[in-house]
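Have the structure open in your viewer, with selection by chain and residue number ready.

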Amino acid sequence: MVICITPKEYVEYIELVAKKIEENKDYISELDSITGDGDHWANMNMGFQKLLECKEELASMRLNEMFKKIGMLIMTTVGGSSGVLYGSAYINASKVILDKEQMDLQLLCRVLEAELNAIMDRGNAKPGFKTMIDALHPAVERLKNAIEKGLDGKTALIELKQGAIEGMNSTKNMEAVKGRACYQANKGVGHLDPGAVTMCYQIEVLVDYLCR
Amino acid sequence: MKKIINKPNDVVSEMLMGMVKANPKLVYFKDLEVIASRVKEKKVGLVSGGGSGHEPAHAGYVGKGMLDAAVSGNVFASPSPDRVLKGIQEANTGEGVLLIIKNYSGDIMNFGMAKDLAEMEGIRVEAVVVKDDVAVKDSTYSTGRRGIAGTVFVHKVAGAKAAAGGSLDEVKRVAEKTIANVRSMGMAMTPCILPGVGKAGFTLGENEIEIGMGIHGEPGVERTCVKTAAQLAEILCGKILADYDFAGSECAVMINGLGATPLMELYILNNEVEKILKENNIKIYRTFVGNYMTSLEMAGCSVTLLKLDEELKELLDAPCDTPALKV
């Protein structure tokens, strides 16, 4: 399986993520009102709806410019913590894309790694803090290993998805270190981190889209 | 939900427009939700901000002797970096800009990104982080202590230093000195309702209060039954005095209302706080009683103590003229 993602395809993927987030309103809102302030779904949904509004413009851009634009749109519409974290992630990813017209598996891996690094830097956070990083970090690690081992494209993508799902599930027993959940007496233990859940959705949708 | 609003999504912009209509010395930048001083003097610029819902913080402190710009996010949500960048640009007159940030994850990240963006434009930016809430254990690992009412003292002191022509480094130094010497402790009696949500995020029983609750309704240290003003003063001051050695010093005191507590009750609390400070050999230099850092319509209060030296006294006494504080 050969992976080649153009701006047009990335926008198709964004549409699927927007749909996935829209469908999970009650679940995400409820998760966030247990440990946070309950606005994570509304903020993420607002961001992806904004991307949908701009989809024609985005699809017509060069790949790195499109990533930068997505970053700015998310940063300005989502606000709060998620906005600046996803914004930083997309802007940092645009820097590794350079003048490439499309992403192959290797570039996708570097893009995801650049996103992960931006989120860890901006959030001053590490794996294990019960955040979106706990879904993205193991996913990127599994994809990197798969590529190094020379596994075929589809198997590597399945590794990426499995890493995200297992990482998301691991947040259930973690204590929150950052954000509003860390003020709770039990630090959110027993509940999945909503930021890790929406991060996992994005990776799952990406893999399902590429393996369609 | 009973509120004087139109649409929940419009509360921030409509509030700021109303504020500017009442205060012609301020200017409002639509969509970016920035309030800035209309008059620009060549000096270090001061910018603060954060989620809305804490009025008069922070836009009410824009004016002579305090802030040059305030940036508002949605209710209880940090403003995005592009908004903060606009605040920095408005406050910058070439002498550099100091950001005064309350210690919340979202504010730290959004103001941090805005600082990077402003530096790319060649603006010199420094930042200080206020963490005065002794209800939270201090920690270098986690987000740690929240920034609450003590932030207003940081605005006042740093603003006075900037107005006196202090350099960016000097303004930052007095801001940090204030942060090192300020402690606050609060309590809540009723929850608040976010306009976009329409119902309270938590409940407190008829006879129940929460000691140490944050200004966004974050959990405090203890739920207990209603106390007398004397008992509350004892609890709140006790926490503060156990955290930092104020004995023998001169202090500024702030008795802050969270939004729905009448001034009558704040003065009663102040009467009790004064007695406790006297017993602890603490001299009160200046007292501020009012609604300085609120939490929508939450009932409750916070007590803030700032330990003063000659420099801080002088800066606290320097004139300022803003919608919410005039000295």
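How much space lies in the largest cavity? In this predicted model, the largest cavity holds about 160 Å³ of space. It comes from a search of the whole structure, which finds 3 cavities of 30 Å³ or more.

**Stop one: the largest cavity**

Select A:Tyr10, A:Tyr13, A:Tyr90, A:Leu112 and A:Glu115. Of the 16 residues that line the largest cavity, these are the closest to its centre.

Next, colour helix H1 (7-23), helix H6 (80-97), helix H7 (105-123) and helix H10 (194-210) of chain A; each gives two or more residues to the lining of this cavity. Which element gives the most? H7(A) does, with 5 residues.

Now colour the lining by residue class. The lining of the largest cavity divides into 14 nonpolar residues, 1 polar and 1 charged.

**Stop two: the second largest cavity**

Move to chain B and select B:Glu55, B:Ala57, B:His58, B:Ala59 and B:Ser72. These lie nearest the centre of the second largest cavity, which is lined by 14 residues. Its volume is about 70 Å³.

Then show helix H1 (11-22), strand S3 (45-52) and strand S4 (69-75) of chain B, each of which supplies at least two residues of this lining. S3(B) contributes the largest share, 4 residues.

The lining of the second largest cavity has 7 nonpolar, 6 polar and 1 charged residues.

Notes: Residues numbered from 1 in each chain as written. Chains lettered and ligands numbered in written order. Predicted model: local features only at pLDDT ≥ 70, side-chain atom pairs only at ≥ 80, totals over all residues. Heavy atoms only, no water. 1 Å grid on protein atoms, 1.4 Å probe; cavity = no way out; pocket = protein on both sides within 12 Å on 5 of 7 lines; lining within 4 Å. Points joined across faces, edges and corners; volume = space filled by probe spheres on them. Nonpolar A, V, L, I, M, F, W, Y, C, P; charged D, E, K, R; others polar.
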